[in-house]
Amino acid sequence: MRLVLVGPPGAGKGTQAQFVASNLSIPKISTGDIFRANVSGGTELGKLAKEYMDRGDLVPDEVTIAMVRDRLSESDAQDGFLLDGFPRNVPQAEILKKMLAEFGVGLDVVLELVVDDEEVVRRLAGRRTCSQCGRIWHVDFDDKKDDVCDACNGRLYQRDDDKEQTVRHRLEVYQEQTAPLVSFYADEGILVGVDATGPVEEVTQRAMEALSPFVD
């Protein structure tokens, strides 16, 4: 199966990508993994990407797309893959479609993790990070009554990325840039959505049930 996973920040894409890919016995391919592999491996694309990253600039689409092309051409991705983090917008989706057509294949399905904005804010703005060991706690889910890490007694703090104003801005950016993907893939007739609220195991079960008609 060849599938793309989409959803807003805080929807649990990274977690679900891992479980879904494992259940389907296909590689999970995220742009973060691809970047790290290219940079640590010292590939030409990795060196190019690192130049932009070291300057604090966004890596251009053409570099990202070239890395994705290389990764999808590897042997373990020939019978299927799960893409997480790419495409991020409609132009990238159109490029991916052309790229796969050159390989003689196409996407089977796009899985959307559906969660409302207030739930995303609750999930992300409630996170606290330990300044000592780096462990992440949640003020609601872990029933934290103080600002001390239960693992090492380090001080807990809220990362800038997790502050409510930042989270809401990230959601606005998602709506502007990435949400149109939902309409694009709905028009293609390959979009399925699942409720991404509730325990991780339940979300995974819903995802697998939604994907079952597409499994060979």
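Where is Gly198 found? Select Gly198, and you are in the loop between β8 (191–195) and α9 (200–211), where helices (H or I, at least four residues) and strands (E, at least two) are DSSP runs numbered from the N terminus. The model on your screen is predicted, so local features need pLDDT of at least 70 and side-chain atom pairs count only at pLDDT 80 or more, while totals for chains, interfaces and linings use all residues. Residues are numbered from 1 along each chain as its sequence is written, and side-chain values use heavy atoms, with hydrogens and water left out.

**Stop 1**

At 48% relative accessibility, Gly198 counts as partly exposed, because buried means under 20% relative accessible area, exposed over 50%, and partly exposed in between (1.4 Å probe, protein chains only). Show its surroundings, and you will find that Gly198 touches Arg123 and Val203 when residues up to four places away in sequence are not counted; contact here means heavy atoms within 4.5 Å.

**Stop 1: Lys13**

Now move to Lys13, which is found in helix α1 (residues 13–24) and is buried, with a relative accessible area of 19%. Leaving aside neighbours within four places in sequence, Lys13 is in contact with Leu5, Val6, Gly7, Pro8, Asp84 and Leu113. A polar atom of the Lys13 side chain lies 3.3 Å from the backbone oxygen of Pro8.

**Stop 2: a second set of recorded residues**

Begin with Thr31 in helix α2 (residues 31–41), which counts as buried at 12% relative accessibility. Apart from its neighbours within four places in sequence, Thr31 is in contact with Thr64, Asp84, Gly85, Phe86 and Arg88.

Arg36 also lies in helix α2, but at 55% relative accessibility Arg36 counts as exposed. Its side chain makes a polar contact of 2.9 Å with the side chain of Asp33; a polar contact is a pair of N or O atoms within 3.5 Å, of which, within protein, one must be able to donate a hydrogen and the other to accept it, and residues adjacent in sequence count only if both atoms are side-chain atoms.

Then select Gln92 in helix α5 (residues 90–102), which counts as buried at 5% relative accessibility. Gln92 touches Asp61, Phe86 and Pro87, not counting residues up to four places away in sequence, and a polar contact of 2.9 Å joins the side chains of Gln92 and Asp61.

**Stop 4**

Switch to a cartoon view and select β5, β6 and β7, which form an open, antiparallel sheet in the order β6-β5-β7; two strands pair if DSSP finds at least two bridges between them. Because β6 and β7 (156–157) stand at the edges with a single partner strand each, one side of each is left without a neighbour in the sheet. Within β7, Tyr157 is the bridge partner of Thr129.

Finish at Cys133, in the loop between β5 (127–130) and β6 (136–138), where Cys133 counts as partly exposed at 43% relative accessibility. Not counting residues up to four places away in sequence, Cys133 touches Cys149 and Cys152.
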